[in-house]
Amino acid sequence: MGVDLGGVEFYTGPTVLGGPDDLEAVVLDFVAGAKKVLLIAVQAMDSRVIAEAVIAAARDHGVRIQLILEGDYLTEDKPLALPWEPGGDNEVNRTIHAALLRARIDVITDLNPDLFHQKFMVRDPGLVSAAVLTGSANFTLTDTGTNPAAGVGGKKGNNLNHLVVLRGKRIASHYVTEFASLRSGTFGPLNERSEPRPAELRLGGIRVKPLFAPQQGPEMEIMKQMLKSQSSVDFAMFTFARSSGIDDTMIRLVDSLTRVRGVLDRNQGGMTWAATPDLKAAGVRLFENKPGTGVRKVHHKLMVVDERLTIAGSFNYTAPGATLNDENIIVLGDLEETDPVAEGRQRQLAAYALAEIDRIVNDLSQPV
């Protein structure tokens with residue numbers, strides 16, 4: 001299903017939690033479409049089906065693949081008593097990592113001492129098939145919605161997520177540059193807000209603006225878009241901390257807008273550092289995933305402004321997300337758009353994202 005504007009596609013899911021889209025199928029289709037090159041930067045990969053598709057692309061079709069993973073998911077919090085025996089919370093990740101190496105996939109772990117939180121792939125830069133896949137979903141069983149209800153390694157349920165596919169050589173080139181920086185280690189605090197102004201381009205008839213953290217300040221971009229709002233701000237957010245300037249902006253706006261509403265992950269939203277109490281006291285309508293729905297995490301990092309503009313990607317509303325972690329967001333649309341055709345298309349995409357927030361509020365959540 002999803003929304004397909006030609007150069008922009010947007011998907012929400014997973015289907016096992018009532019979402020409209022099979023997120024695993026979207027990832028597999030993207031990988032299968034690679035002709036020459038596939039660059040993958042993702043925090044975690046424990047889905048064997050996705051890993052097998054990556055290996056098959058290299059082995060069967062000669063696709064050149066480079067892969068960056070978060071190194072913390074290959075180790076354990078505490079040393080294992082039997083380090084020569086399989087076991088531990090991250091054994092699946094290690095097994096997949098070993099399989100990638102055995103297949104001679106060019107795979108490294110990140111160089112950032114903080115969190116490598118990216119979730120993107122670049123396909124065939126410079127070719128007709130050039131495209132980017134990004135969003136909130138890791139390539140894991142819980143994020144793509146294929147985790148059995150009984151859980152894997154003690155994990156219960158699945159996570160709510162979104163994916164965005166952006167087609168074209170120009171958008172691919174921006175992500176290739178970011179990928180090269182990640183591979184070389186020139187990211188994190190070393191590059192904080194030191195890169196050129198974020199690019200803006202037209203895909204699918206709407207404005208598309210990618211930004212990378214920490215160097216391009218996505219927190220400031222989100223605050224700027226919120227301050228342009230005339231009517232509403234709706235969001236679904238995994239981690240929303242007091243340390244984010246986004247909470248202060250939201251609190252300032254709540255009395256001047258018709259609707260300020262959001263869904264928070266129940267566990268993250270209940271932490272002592274979370275912005276939940278302040279937002280609720282200011283009048284923001286807050287919801288959280290309720291037990292018994294099969295939702296493990298509200299893992300979205302999603303905002304819709306004025307039912308016209310959509311902000312998606314990997315960025316949680318936290319200080320580490322803004323200053324230390326490797327992240328990306330995509331701003332889809334323009335609140336100052338004057339072209340009626342473009343306006344209709346960006347509203348179509350925003351309506352799909354807003355329908356996901358409505359669905360979570362109505363079917364899977366309870367008031368905070």
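Me: Hi! How many residues does the largest nonpolar core have, and which have the most contacts inside it?
Reply: Hi! The largest nonpolar core has 45 residues, and Val8, Phe10, Leu166, Val208 and Leu332 have the most contacts inside it. A nonpolar core is a set of buried Ala, Val, Leu, Ile, Met, Phe, Trp, Tyr and Cys residues joined through side-chain atoms within 4.5 Å. Buried means under 20% relative accessible area, exposed over 50%, and partly exposed in between (1.4 Å probe, protein chains only). This is a predicted model, where local features need pLDDT of at least 70 and side-chain atom pairs count only at pLDDT 80 or more, while totals for chains, interfaces and linings use all residues. Residues are numbered from 1 along each chain as its sequence is written, and side-chain values use heavy atoms, with hydrogens and water left out.

Me: Which helix gives the most to this core?
Reply: Helix α11 (residues 340–364) does, with 8 residues. Helices (H or I, at least four residues) and strands (E, at least two) are DSSP runs, numbered from the N terminus.

Me: New topic: is His97 buried or exposed?
Reply: His97 counts as buried because its relative accessibility is 17%. You can find His97 in helix α3 (residues 91–102).

Me: What is His97 in contact with, leaving aside neighbours within four places in sequence?
Reply: Leu69, Leu74 and Val107. Contact means heavy atoms within 4.5 Å.

Me: And where is Asp306?
Reply: Asp306 sits in the loop between β15 (301–305) and β16 (309–313). Asp306 has a positive phi of about 55°, although it is not a glycine. Most residues other than glycine have a negative phi.
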